[in-house]
Amino acid sequence: MCQLLGMNCNTPTDIVFSFSGFAQRACEHADGFGIAFFEGKGLRHFVDHLSAQASPVASLIQRYPIQSKQVIAHIRKATQGRVALENCHPFVRELWGHYWVFAHNGNLVDFHPRLHAAFRPVGDTDSERAFCWIMQELAKSHAAMPSVDELTHTLSELMPQIAAHGTFNCLLSQGDALWAHCSTHLHHLVRQHPFGVARLQDQDVEVNFAELAATGDRVAVIATQPLTVDEPWVAMQPGQFLAFVDGVPRR
């Protein structure tokens, strides 16, 4: 299946270290990749149908320290939908004057919700159908952008309805928070003071975050499988749904 990577911070941070290790997993997940960075209300969105190990776009991301408080990345192993640019995650839509970003790991069986004109898939993946349905149901439930707590409540009711159709590990953000739903495999980690040294699992690279981070910085990293070998990653439980705000996981 695909691999997910998310970052939620209380101050703009770059994801170069984590993405470098994440991209190494593309040897088994070679059907495209993508990454999205929020910057205020703006969004930088990069996708490629090539593997993250072969894509010049992925090489750019590993060299370009874009700073963001919310990041979602994905490397694809296709289950539904052909290998094509329009099927690469993360997907992006606008709702209430904000960009929304979504990425999914898993396979949904017989998931064909009725979708209205405002939210329709461009590609042919179950993932994009799920995202469009979430956007549609949010728009039906709220007239304008609600609080993060209200969104968390509404999303906690929507996610199980999709998960009933199969495996639904996903990441979702509108720039203020990052939501994570786990069906099978999803892990999270919070880096904060006192910072230490971290070493990647998939690459012989380590970073001493004490030399890079300020005392008040806090960074939550969410990934399908732990990216580092010496940090206290927490495994999410099947059916668990969390909101991450300013680097803190909230139920």
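## A buried ring pair

At 0% relative accessibility, Phe19 counts as buried, because the cut-off for that label is under 20%. The model is a predicted one. Phe33 has a relative accessible area of 0%, so Phe33 is buried too.

The structure holds eight aromatic pairs. One of them joins Phe19 and Phe33: the ring centres are 6.0 Å apart and the planes stand at 45°, so the pair is tilted. The pair ties together distant parts of the chain, with Phe19 in helix α1 and Phe33 in strand β2, 14 residues apart.

## A stacked pair and a tryptophan cluster

Phe102 and Phe131 form another aromatic pair. Here the geometry is stacked, with 5.1 Å from centre to centre and 5° between the planes. This pair also links distant parts of the chain. Phe102 sits in strand β6 (residues 98-105) and Phe131 in helix α3 (residues 126-141); 29 residues separate them.

Which tryptophans do ring pairs link into a cluster? They are Trp96, Trp100 and Trp179.

## The open sheet

Seven strands make up an open sheet. Their order is β3-β2-β4-β1-β12-β9-β13, and the pairing is antiparallel. Why is one side of β3 and of β13 left without a neighbour in the sheet? Strands β3 (42-48) and β13 (234-235) stand at the edges and have a single partner strand each, so one side of each has no neighbour there.

Strand β1 (residues 3-14) pairs with strand β12 (residues 218-223) over five bridges, in the antiparallel sense. Within this pairing, Leu5 has Ala223 of β12 as its bridge partner.

## Helices on the sheet

How many bridges join β2 and β3? Seven bridges do, and the two strands run in the antiparallel sense. Gly34 stands opposite Val47 in β3.

The two strands form a hairpin with two residues between β2 and β3. Gly40 lies in the turn and has a positive phi of about 65°.

The largest nonpolar core has 29 residues. Which of them touch the most other members? Ile134, Leu172 and Trp179 do. At least two residues of this core come from each of β5 (91-95), β6, α3, α4 (148-163), β7 (169-173) and β14 (241-245). Helix α3 supplies the largest share, seven residues.

Leu172 shows how these parts meet. Not counting residues up to four places away in sequence, Leu172 touches Ile72, Trp100, Val101, Phe102, Phe131, Ile134, Met135, Leu155, Met159, Ala177, Leu178 and Trp179.

A second core of 23 residues is separate. Its members include Phe22, Val71, Val219 and Leu227.

Technical notes
Residues are numbered from 1 along each chain as its sequence is written. This is a predicted model: local features need pLDDT of at least 70, side-chain atom pairs count only at pLDDT 80 or more; totals for chains, interfaces and linings use all residues. Side-chain values use heavy atoms; hydrogens and water are left out. Two strands pair if DSSP finds at least two bridges between them. Helices (H or I, at least four residues) and strands (E, at least two) are DSSP runs, numbered from the N terminus. Rings of Phe, Tyr and Trp (its six-membered ring) pair if their centres lie within 6.5 Å; planes under 30 degrees apart count as stacked, over 60 as edge-to-face and the rest as tilted. Buried means under 20% relative accessible area, exposed over 50%, partly exposed in between (1.4 Å probe, protein chains only). A nonpolar core is a set of buried Ala, Val, Leu, Ile, Met, Phe, Trp, Tyr and Cys residues joined through side-chain atoms within 4.5 Å. Contact means heavy atoms within 4.5 Å.
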